[in-house]
Amino acid sequence: MVSQIRFLMCAPDHYDVDYVINPWMEGNIHKSSRDRAVEQWNKLYNAIKNHAIVDLVAPEKGWPDMVFSANAGLILGENVVLSRFLHKERQGEEPYFQQWFENNGFNVYTLPKDLPFEGAGDALLDREGRWLWAGYGFRSELDSHPYLAKWLDIEVISLRLMDERFYHLDTCFCPLTNGYLLYYPGAFDSYSNRVIEMRVAPEKRIAIAEADAVNFACNAVNIESIVIMNKASDSLKSRLGEVGFQVIETPLTEFLKAGGAAKCLTLRVTEPIGEEIHANVSVESRVIRMEGHLLDAGLINRALDLIVEMGGSFQVLKFNLGEQRQSTSAAEVRVSAPSHEVMEEIISQLIDLGAVDLPQDERDSKLEPVLQAGVAPDDFYVSTIYPTEVRVNGEWLKVQNQRMDGAIAISQTPNGIVAKCKLLRDLEIGDKVVVDVLGIRTVRKAESREQRNSQEFSFMSSGVSSERRVELVVEQVAWELRKIKDSGGKVVVTAGPVVIHTGGGEHLSRLIREGYVQGLLGGNAIAVHDMEQNLLGTSLGVDMKRGVAVRGGHRHHLKVINTIRRFGSIAKAVEAGVVKSGIMYECVKNNIPFSLAGSIRDDGPLPDTQMNLILAQQEYSKIIEGADMILMLSSMLHSIGVGNMTPAGVKMVCVDINPAVVTKLSDRGSIESVGVVTDVGLFLSLLIQQLDKLTSPYVANVG
């Protein structure tokens with residue numbers, strides 16, 4: 001018995017691979033056999049006609065892909081949304097398909113001219129008529145989905161395609177009768193896979209392997225219990241058979257050369273409609289504004305790439321390019337995301353780039369109270385290193401104590417409303433915390449190319465410097481250290497024990513003695529091995545002059561710890577004349593504050609080592625406050641911790657022999673940060689040599 005389901009097909013009279021607009025076409029231009037294509041198409045046509053009704057649209061010369069009628073549009077009931085092809089090679093098909101739809105009594109809806117949507121290739125109705133699955137990422141734009149929901153009065157579920165081989169939704173996704181779904185999970189991002197799993201019960205999901213996917217097993221025609229496809233593995237046929245489907249294979253290898261198979265060659269004209277189903281779409285759109293040297297600094301490219309990488313879509317509404325070198329540019333961009341959850345993630349990242357969500361100019365930040373001490377409300381905004389402002393009661397407030405990975409707490413004080421970054425553990429009942437991404441903006445200085453290049457730290461924008469650039473980096477750091485010293489600024493050093501092991505201890509001691517360092521951060525080890533070297537001549541039991549282990553040297557660090565514990569503190573040991581030189585000696589003698597944060601592996605530890613992690617973090621934060629530069633010397637954990645506590649605007653130099661450490665610090669996003677991959681002892685030696693050569697730019701040369 002023939003079903004009343006109808007399909008539209010187009011004969012392959014003019015079919016060929018004439019161009020490349022998908023990966024399957026690569027290497028196949030004019031390599032398709034016309035006779036074999038006609039033979040394969042006729043077999044598919046007859047296989048469908050045995051079970052359903054087939055209508056035909058006349059093929060037109062010059063449009064070889066018109067045979068793929070699935071892309072003509074999307075039909076539901078008497079309404080059809082006409083396709084807007086992305087590539088010019090297919091755009092000429094649109095009027096012919098529109099004419100067929102109109103001649104057959106359909107109401108035709110047309111999308112804005114520059115909004116790509118490729119019909120039933122990227123929009124597949126659930127076979128139970130419950131909703132519309134809509135793909136985006138390669139050929140169709142996310143912004144087309146709200147139009148589909150409105151015009152077809154149906155719920156639209158957006159799915160992002162990630163594998164260019166599966167450029168249309170119907171190449172990797174096939175809803176089947178009775179709520180089953182045949183699909184290839186590898187074609188989608190993690191968010192879309194989660195959406196699919198939430199909508200389709202596990203027993204209804206038929207996930208296929210890549211071997212079946214590349215044979216376009218999902219590009220199938222479903223007619224009730226019949227599934228017609230190019231090819232299927234025995235295991236897939238068995239799985240489909242177990243749930244009541246009969247697989248009909250009909251080779252379509254000539255059409256695979258153009259990136260299509262059974263489903264691509266057909267457009268289903270009759271679709272089930274659920275009367276209780278009405279328009280609904282989770283796509284959310286916002287308009288953001290960016291200002292500054294958007295092209296010079298690459299901000300606009302970073303913003304647009306970020307939107308796409310995180311699963312969104314964009315349309316540049318306005319772009320005013322600065323007319324002079326010193327002029328700033330401005331852009332307004334509409335950002336779309338498949339859900340509010342994804343939109344929040346995108347906007348929070350764009351805020352970090354200095355973007356302003358335009359509607360927020362009229363809306364305050366969303367605030368929710370802290371109900372349990374040390375616990376933020378759900379969806380709280382996570383702070384960054386960049387100076388941030390929040391809008392409260394119609395006024396923008398600068399956030400105090402700016403740092404990464406905190407919450408923004410709003411509290412009423414005798415001096416008015418205050419916004420402050422707080423770690424989760426510091427939140428108190430009564431605080432109100434900023435949630436969502438409304439009413440938030442970061443403050444970025446709009447520096448021109450000339451301004452950036454005139455600064456001594458302009459080389460820092462390159463991120464990680466390799467060995468061959470060490471001398472250049474050292475020269476620039478030396479200039480910066482001298483400038484900060486002469487202006488009464490503040491430099492904080494974070495150091496690990498490798499400084500001692502590589503012979504850099506004497507150089508760091510000199511930096512402290514000569515006034516280049518105003519704070520020292522580290523762990524138990526840097527202090528222990530510094531004093532071991534200066535008391536016993538070894539570091540980790542290795543003679544620092546001869547480079548060989550000494551008998552019983554493995555006990556030296558414990559002897560040092562025991563000695564300091566006897567005196568009660570490092571300062572008291574210095575005062576008693578026991579510790580006579582070294583990094584810790586110079587800190588005590590020059591009144592340089594230091595903080596040693598302990599860890600589970602510490603021996604002893606020293607009496608000065610703070611074993612309470614929270615108190616250690618507080619001590620670190622206090623010493624960092626007001627710093628102009630932080631010099632991080634081979635201490636991965638302490639350096640990363642300090643980086644998270646430090647706001648933008650503070651210059652950072654991270655020196656480590658391990659590229660992974662310096663890359664992690666550079667990845668925090670601050671343009672004032674740089675990683676230098678080199679031996680820290682060599683770096684400090686070269687730094688001292690360079691400082692000896694310098695004459696301060698703030699002191700006149702003398703005769």
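In which loop is the place of Leu 295? Leu 295 sits in the loop between strand S17 (284-292) and helix H9 (299-309), where helices (H or I, at least four residues) and strands (E, at least two) are DSSP runs numbered from the N terminus. The structure is a predicted model, in which local features need pLDDT of at least 70 and side-chain atom pairs count only at pLDDT 80 or more, while totals for chains, interfaces and linings use all residues. Residues are numbered from 1 along each chain as its sequence is written, and side-chain values use heavy atoms, with hydrogens and water left out.

The protein is divided into domain 1 (6-281), domain 2 (283-361), domain 3 (375-449) and domain 4 (470-695); these bounds come from an automatic or database domain assignment. The centres of domain 1 and domain 3, taken over C-alpha atoms, are separated by 47 Å.

Leu 295 has a relative accessible area of 46% and is therefore partly exposed (buried means under 20%, exposed over 50%, partly exposed in between, with a 1.4 Å probe and protein chains only). Together with Val 316, Phe 319 and Leu 321, Leu 295 forms a nonpolar surface patch with about 340 Å² of accessible area. Patches are made of residues with over 30% relative accessible area and no salt bridge, like charges being joined within 9 Å and nonpolar side chains (Val, Leu, Ile, Met, Phe, Trp, Tyr) within 5 Å. Accessible areas come from the Shrake-Rupley method with a 1.4 Å probe, and for residues only the protein chains shown count as cover.

Four strands form an antiparallel sheet in the order S18-S19-S17-S20; two strands pair if DSSP finds at least two bridges between them. Its edge strands, S18 (313-320) and S20 (356-357), each pair on one side only. S18 and strand S19 (residues 329-337) run antiparallel and are joined by seven bridges, with Asn 320 opposite Ala 330 in S19.

The other sheet has seven strands in the order S21-S26-S24-S25-S23-S22-S27, with mixed pairing. Here the edge strands are S21 (366-369) and S27 (440-442). Neighbouring strands of this sheet are turned by 35 degrees against each other on average, direction ignored; axes are lines fitted to C-alpha atoms, for helices over the stretch in contact, and angles run from 0 to 180 degrees between N-to-C directions. S24 (residues 407-413) and S25 (residues 416-422) pair in the antiparallel sense over seven bridges, and Ser 411 has Val 418 in S25 as its bridge partner.

A salt bridge is a side-chain nitrogen of Lys or Arg within 4 Å of a carboxyl oxygen of Asp or Glu, and the count by this rule is 33. Among them is the pair Glu 210 and Arg 165, at 2.8 Å from N to O. Glu 210 lies in helix H6 (residues 210-213) and Arg 165 in the loop between strand S8 (155-160) and strand S9 (173-175), so this pair ties together parts 45 residues apart in sequence. Glu 210 is partly exposed at 38% relative accessible area, and Arg 165 is also partly exposed, at 24%.

Lys 237 and Asp 234 meet in a salt bridge of 3.6 Å, N to O. Both lie in helix H7 (residues 234-242), three residues apart, about one turn of the helix. Lys 237 is partly exposed at 28%, whereas Asp 234 is exposed at 61%. In the salt bridge between Arg 268 and Glu 271, the closest N and O atoms are 3.7 Å apart, and both residues are buried. Salt bridges that share partners also join Glu 284, Arg 286, Lys 366 and Asp 436 into one network.
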